[in-house]
Amino acid sequence: MQPRYTSNQAPLPTAERAPAMKTRHVAVALQGGGSHGAFTWGVLDRLLEQPQFDIVGVSGTSAGAMNAAILADGLNRGGRGEAKKALSQYWEDVGRLPGFAAYAPHLPAGVSLPWHLDNNPLYVWFDMLTRVWSPYQTNPFNHNPLRSLLERIDFASLAQDPAAPRLFVCATNVRTGMRRIFDNSELSIDVLLASACLPQLYQAVKIGDDSYWDGGYTGNPALAPLYLRTDATDVIIVGINPLVRAQVPRTARDIINRIDEISFNSSFMLELGAIAFVEEILKSGATQAHRKLPFVHGIGDSALAEFGASSKMNNDPAFLQHLREIGWQAADHWLSMHGEDVGSHSTVDLSHLIPMKDSVVPHLLAAAGERSIRAGAERHSHQNGSFPAPR
């Protein structure tokens, strides 16, 4: 089963809101995905136009970590307007970096290139190179073009200002294979680069006594800190990594790409399953805890999967702007459909992610008595089998 993020349908005009809407403390969870992070830029750009949404927490991995840090820094510097400006400037600067698109083959006038790089000669050569040599050989000076773009972030203010949004960045410890979540007090350029350190492209990033690779392997993104360390009533997940592929991959490149997608989704899906499990326990009455978990929402678009995995390495400014527009429209459509549900109820159903739901949960609920088990069974029997249907 997989979460289905809204929406890839044609955008609807945003519904008019009442003049005075109650402020909602929301947290956003931002997935990584290279250049596809520009989709998240568009989503955030639209969410920042909602005056009732007070973004109190942000979790991000890889490209999501860059978006998260730029967003939090902008909000801390000057509120929504500054955050929108900061995101725009960052992605415009990403588009100015030298990239594979500059070496695309020339086509006749009026013929446009696809956004993927599968036929780009430089990309094909580089892709083959990374399968034979490591970044310790191909990039001995460990140059990362994103480093200079991250110098604009005021990490000291994010660490010292208690009013700054809580920021959480995930990276993977190379030696232990465990994830580490860095918060405001630990953030730095190296932390962000560690979160986006693909081991085929960059040397592991040394932080303290440990070395780190991309956080997507262990949390894309990490959700637990948004639940445990913020007062958010709602968590909005911005998904850019395809969960489902219609066809079984057959080429070597497609197989490798699908393995990467599954790897980067597995920890995320397990964490969603854990959240669903805790929700079920709380609803069952098997525990006396009165903690209320945040409502869960998701924004995504299946169009991202159609661009191909190699497009994540395409920083062509036109492509980034195209992704931004798709993200803005997806968020606008979601707001028109579910904006008023924020603070009221979840708009995705996670119940089918509960591990071994039919066998494990009843045993755990047994301690609460047979009555609790019967109530839980009745609740299960009325649930829709599709996942995750809007609530």
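How many of the 391 residues of the protein chain count as buried? I found that 50% of them do, where buried means under 20% relative accessible area, exposed over 50% and partly exposed in between, with a 1.4 Å probe and protein chains only.

Ground rules first. This is a predicted model, in which local features need pLDDT of at least 70 and side-chain atom pairs count only at pLDDT 80 or more, while totals for chains, interfaces and linings use all residues. Residues are numbered from 1 along each chain as its sequence is written, and side-chain values use heavy atoms, with hydrogens and water left out.

**Entry: overall fold.** I counted twelve helices and eight strands in the protein chain; helices (H or I, at least four residues) and strands (E, at least two) are DSSP runs, numbered from the N terminus. I also looked at contacts (heavy atoms within 4.5 Å). Of those with a separation of 6 or more, 80% are between residues 24 or more positions apart.

Entry: α2 has 34 residues, yet its end C-alpha atoms are only 17 Å apart. A straight helix would reach 50 Å at 1.5 Å a residue, the expected span being 1.5 Å times one less than the number of residues. I traced a bend of about 135 degrees in α2 to G78; the bend is the angle between axes fitted to the seven residues ending there and the seven starting there.

Entry: Most residues other than glycine have a negative phi, and most peptide bonds are trans. I noted S62, not a glycine, with a positive phi of about 55 degrees. S62 sits in the loop between β2 (53-60) and α2 (63-96), and is buried at 10% relative accessible area. N142 also is not a glycine and has a positive phi of about 55 degrees. N142 lies in the loop between α4 (135-138) and α5 (155-160) and is partly exposed at 31%. The peptide bond joining N220 and P221 is cis, with omega about -5 degrees; P221 is in the loop between β6 (210-214) and α7 (224-228).

**Entry: lining of the largest pocket.** Which element gives the most to this lining? I found α8, with six residues.
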